[in-house]
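The stops below go one element at a time.

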Amino acid sequence: LLLLLSLSGCATTQLEAGAAVELHFVYGDKEIHATLTPEEAAQVIEILDGRTYSNIWDGTPSCGFDVNIRLTVNGHSYAIACDTCRFVQDLDNLRYFSVSQEGIDYIHALFETYGGHFPCV
């Protein structure tokens with residue numbers, strides 16, 4: 001029963017407040033790797049923390065994910081959908097979760113501040 005519950009999507013993201021956050025955008029002729037300011041990092045952590053993973057029975061979102069378009073929090077990587085949908089892929093466990101429209105708008109704006117762009121497919 002415990003195994004079924006853990007596979008069914010009851011887990012949530014757990015990020016440490018104050019953690020270092022890195023932004024990675026490698027697409028086309030751009031190769032951007034940046035450590036976010038403490039203020040930017042805190043906002044990203046607030047957006048990503050405590051999100052419930054999608055149920056594994058729901059399948060894979062039809063969003064375009066790329067390991068080269070990601071945020072890394074304390075070494076844990078989260079791919080941002082390249083086609084602008086609100087899903088994020090936890091690259092370390094291959095699970096998905098969604099964020100609010102305001103959250104994804106902030107993340108997209110953050111990437112654009114550092115020279116990235118969306119969509120990137």
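What follows is a tour of the sheet, a helix, the core and the cysteines.

**Ground rules.** This is a predicted model, where local features need pLDDT of at least 70, side-chain atom pairs count only at pLDDT 80 or more, and totals for chains, interfaces and linings use all residues. Residues are numbered from 1 along each chain as its sequence is written, and side-chain values use heavy atoms, with hydrogens and water left out.

**Stop 1: the sheet.** Show the strands. Elements here are DSSP runs numbered from the N terminus: helices are H or I of at least four residues, strands are E of at least two. The open sheet has 6 strands in the order E2-E1-E3-E4-E5-E6, paired antiparallel. Pairing requires at least two DSSP bridges between two strands. Select E2 (30-35) and E6 (95-98): these are the edge strands, each with a single partner, so one side of each has no neighbour in the sheet. From one strand to the next, the twist averages 20°. Angles run from 0 to 180 degrees between N-to-C directions, on axes fitted as lines to C-alpha atoms, for helices over the stretch in contact.

E1 and E2 run antiparallel and are joined by 6 bridges. Select valine 26; opposite, in E2, stands glutamate 31.

**Stop 2: helix H2.** Select 38-48, which is H2. Which residues of H2 are buried? They are Glu40, Ala41, Val44, Ile45, Ile47 and Leu48. Buried means under 20% relative accessible area, exposed over 50%, and partly exposed in between, with a 1.4 Å probe and protein chains only. Look down the axis: the buried residues of H2 fall within an arc of 160°, so they line one face. The arc is taken from the directions between helix axis and C-beta atoms. Turn to the face away from the buried side for the exposed Pro38, Glu39 and Glu46.

Next, show what covers the buried residues of H2: the cover includes E1, E3, E4, E5, E6 and helix H3 (101-113).

**Stop 3: the core.** In soluble globular proteins, nonpolar side chains tend to be buried together. A nonpolar core here is a set of buried Ala, Val, Leu, Ile, Met, Phe, Trp, Tyr and Cys residues joined through side-chain atoms within 4.5 Å. The largest one has 28 residues; Val21, Leu48, Ile69, Leu71, Ile80 and Phe111 touch the most other members. E1, H2, E3, E4 and H3 each give two or more residues to this core. H2 gives the most, with 5 residues.

Centre on isoleucine 80. Its contacts (heavy atoms within 4.5 Å) include Phe65, Ile69, Val88, Ile104 and Phe118, leaving aside residues up to four places away in sequence.

**Stop 4: the cysteines.** A disulfide is called when two cysteine sulfur atoms lie within 2.5 Å. How many disulfides does a search of the whole structure find? The search finds 1. Select cysteine 63 and cysteine 85, joined S to S at 1.8 Å. The S-S torsion is about 120°, so this disulfide is right-handed. Cysteine 63 sits in the loop between H2 and E3 (69-73), and cysteine 85 in the loop between E4 (76-80) and E5 (87-90), 22 residues apart. Cysteine 63 is buried at 13% relative accessibility; cysteine 85 is buried at 18%.

Finish on cysteine 82 and cysteine 120. Their sulfurs are 3.3 Å apart, too far for a bond. Cysteine 82 is buried at 2%, and cysteine 120 is buried at 4%.
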